[in-house]
Amino acid sequence: MSKIGIFHGCAHLCEPYVPQVCRVVRIESQTRDVKSIRLQTLDGARPFDVLPGQLGMLSVPPFGECMFAATSFGDDYVEMAVKRVGFVTERIHELGEGDQVGLRGPYGNWFPYESCRGRDMLFVSGGIGLAPVRSFIRHCLDHRDDYGRIDIVYSASSKADLVYLDELTNDWPNRPDTHVHVSVYHGSDDWDGPVSYTAPYLEQVFRDNGLSTENRAVVLCGGPSLFRTCRATLSELGVSPADIITTLEARMKCGVGKCGRCNIGGRFICLDGPVFTEEELASVARDF
Ligand SMILES: Cc1cc2nc3c(=O)[nH]c(=O)nc-3n(C[C@H](O)[C@H](O)[C@H](O)COP(=O)(O)OP(=O)(O)OC[C@H]3O[C@@H](n4cnc5c(N)ncnc54)[C@H](O)[C@@H]3O)c2cc1C
Ligand code: FES
């Protein structure tokens, strides 16, 4: 089995700091605090070429700008899923269709979709962590014959916090050899699925489905506690750190390795990441 190889390097941009003026062409409320926002240039084109896992800096003048993963993209759009957590994301949630914003990018590296070809894929995410992972899931589903069995383990605090619920329940489970496993941390009357934190649920999915670690790539994205607990579970299940792919977050400003906001160890997440294998991160001190 060949090793998963991740490209680490700067995206080549002519004008790395200059945002393009884009138009919001579609907004969908995913949950009470997450909206998906679809963007086009003013002449109706995709704002930039982008690969699964890459990032864009979305600005709402004069309030500020924030980095988001491209959760999906098509010939004429890039879409981001934005969780409302503070000052700028609050402004983004106030946008309406037709409004203009700034967008610069793409930044960062991308998921190793080429070196994962031929493998079984296991995607593990929680809450808004599905947003970056979703671009890779969609790539695998669009190139279904290139990948083996696909399992998607996704959790959120409650049913009301599950993003892209329609895809999770009506689309992805109907794709060939694609298995979607969803749990919530807190049950409710309108939820009859599993109630479990992600790590124990991941272990249960692994065992109940007889998943092997052989020829499998695991893609992991979520908050610090999901990372910590799921890494431990995957290690107990015997998954090699070289087969675990993560996408990291940190506060970012420039996006091109200049301001020093996003460094971990000797690396900048905006420049060398956000995508790393666990093996690559093993020697880096971190709190996630
Ligand atoms: C590589 C990368 C990819 C990201 N992808 C997404 C995405 O797909 N969808 C999404 O909703 N968000 C994503 N984020 C996070 C997003 O950029 C922040 O939530 C946003 O910048 C917050 O801006 P704000 O002005 O609303 O919050 P602020 O008012 O600046 O802060 C509000 C609170 O959020 C915390 N916070 C802000 N930024 C971060 C961060 N990066 N990590 C952890 N805590 C933070 C602050 O400490 C504070 O407690 C990503 C961040 C990075 C670096
Ligand atoms: S955001 Fe400036 S160095 Fe990474």
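The protein chain contains 7 helices and 15 strands, where helices (H or I, at least four residues) and strands (E, at least two) are DSSP runs numbered from the N terminus. The structure is a predicted model, in which local features need pLDDT of at least 70, side-chain atom pairs count only at pLDDT 80 or more, and totals for chains, interfaces and linings use all residues. Residues are numbered from 1 along each chain as its sequence is written, and side-chain values use heavy atoms, without hydrogens and water.

Of the 288 residues, 55% are buried (under 20% relative accessible area; exposed means over 50%, partly exposed in between; 1.4 Å probe, protein chains only). Among contacts (heavy atoms within 4.5 Å) with a separation of 6 or more, 70% join residues 24 or more positions apart.

Helix α4 spans residues 198–208, and its buried residues include T198, A199, Y201, L202, V205 and F206. These residues lie on the same side of α4, because they cover an arc of only 160° around the axis, the arc being that of the directions from the helix axis to the C-beta atoms. R207 and D208, on the other side of α4, are exposed. The cover of the buried residues of α4 includes β8 (120–126), β9 (150–156), β10 (178–184), β11 (216–221) and α5 (224–236). After α4 comes G210, with a positive phi near 60°.

Methods
Chains are lettered from A and ligands numbered from 1 in the order in which they are written.
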